Amino acid sequence: MNTNHQGLDRGKIIACGVVAIAGSLTVIFLLFLFTGVDIRSFDRASFVSILSISSGFSWGILLCRNC
C-alpha cells in the first residue's frame, strides 16, 4: 500500500489548468482545420463557450487523476 499520497498543491492545479487549456485549443483548432470552418466567421461567444466547456472537462479529469 502506498502511503506517500501527496495530494494537490497550487503548482499542480495550475499546471493541470495550463495543459487543459492548451489541449482544448489544439483540439478545437484541429476540428476547425479538418472540417473547413472559417475561423474568422465563427461566432466568438460560441468559441468561448466551447473552449470553456472542453477545458473545464479536461481540467476536471486531470485533477481527479492526480488526487
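**Overall form**

The model is predicted. The chain holds two helices and zero strands. Its radius of gyration is 16 Å, well over the 11 Å that the globule rule gives for 67 residues, so the chain is more spread out than a compact globule. The C-alpha trace tells how far the chain extends: along its principal axes it spans about 55 × 20 × 15 Å.

How much of the chain is buried? Of the 67 residues, 16% count as buried. The accessible surface comes to about 5,400 Å². Carbon and sulfur atoms account for 66% of that surface.

Take the contacts between residues at least 6 apart in sequence: 72% of them join residues at least 24 apart.

| Helix | Residues | Number of residues | Reach, first to last C-alpha | Expected reach |
|---|---|---|---|---|
| Helix 1 | 10–35 | 26 residues | 37 Å | 38 Å |
| Helix 2 | 44–66 | 23 residues | 32 Å | 33 Å |

The reach of helix 1 is close to the value expected at 1.5 Å a residue. The reach of helix 2 is also close to its expected value. Just after helix 1 comes Gly36, which takes a positive phi of about 80°.

Which residues of helix 1 are buried? They are Cys16, Gly17, Ala20, Ser24, Ile28 and Phe32. Helix 2 is part of what covers them. In helix 2, the buried residues are Phe47, Leu51, Ser55 and Leu63. Helix 1 is part of what covers these. An α-helix has 3.6 residues a turn, so residues three or four places apart point the same way.

Ser55 sits in helix 2. Buried means under 20% relative accessible area. Ser55 has 12% relative accessibility, so this residue counts as buried. What does Ser55 contact beyond its neighbours within four places in sequence? The partners are Ala20, Ile21 and Ser24. Ala20 and Ser24 are themselves buried residues of helix 1. A polar atom of its side chain lies 2.8 Å from the backbone oxygen of Leu51.

Phe29 belongs to helix 1. Its relative accessibility is 36%, so Phe29 counts as partly exposed. Not counting residues up to four places away in sequence, Phe29 touches Ile39 and Phe47. Phe47 is one of the buried residues of helix 2. Phe29 and Leu51 are 22 residues apart in sequence, and their C-alpha atoms are 10 Å apart in space.

Are Cys16 and Cys64 buried or exposed? Cys16 is buried, with a relative accessible area of 7%. Cys64 is exposed, with a relative accessible area of 60%. A disulfide is a covalent bond between the sulfur atoms of two cysteines. The count of disulfides here is zero.

Gly7 lies in the segment before helix 1. Leaving out residues up to four places away in sequence, Gly7 touches Lys12 and Asn66. Gly7 and Ser52 are 45 residues apart along the chain, and 25 Å separates their C-alpha atoms.

Conventions:
Residues are numbered from 1 along each chain as its sequence is written. This is a predicted model: local features need pLDDT of at least 70, side-chain atom pairs count only at pLDDT 80 or more; totals for chains, interfaces and linings use all residues. Side-chain values use heavy atoms; hydrogens and water are left out. Helices (H or I, at least four residues) and strands (E, at least two) are DSSP runs, numbered from the N terminus. The radius of gyration is taken over C-alpha atoms; the globule rule is 2.2 Å times the number of residues to the power 0.38. Buried means under 20% relative accessible area, exposed over 50%, partly exposed in between (1.4 Å probe, protein chains only). Contact means heavy atoms within 4.5 Å. Accessible areas come from the Shrake-Rupley method with a 1.4 Å probe; for residues, only the protein chains shown count as cover. The expected span of a helix is 1.5 Å times one less than its number of residues. A polar contact is a pair of N or O atoms within 3.5 Å; within protein, one must be able to donate a hydrogen and the other to accept it, and residues adjacent in sequence count only if both atoms are side-chain atoms. A disulfide is a pair of cysteine sulfur atoms within 2.5 Å.
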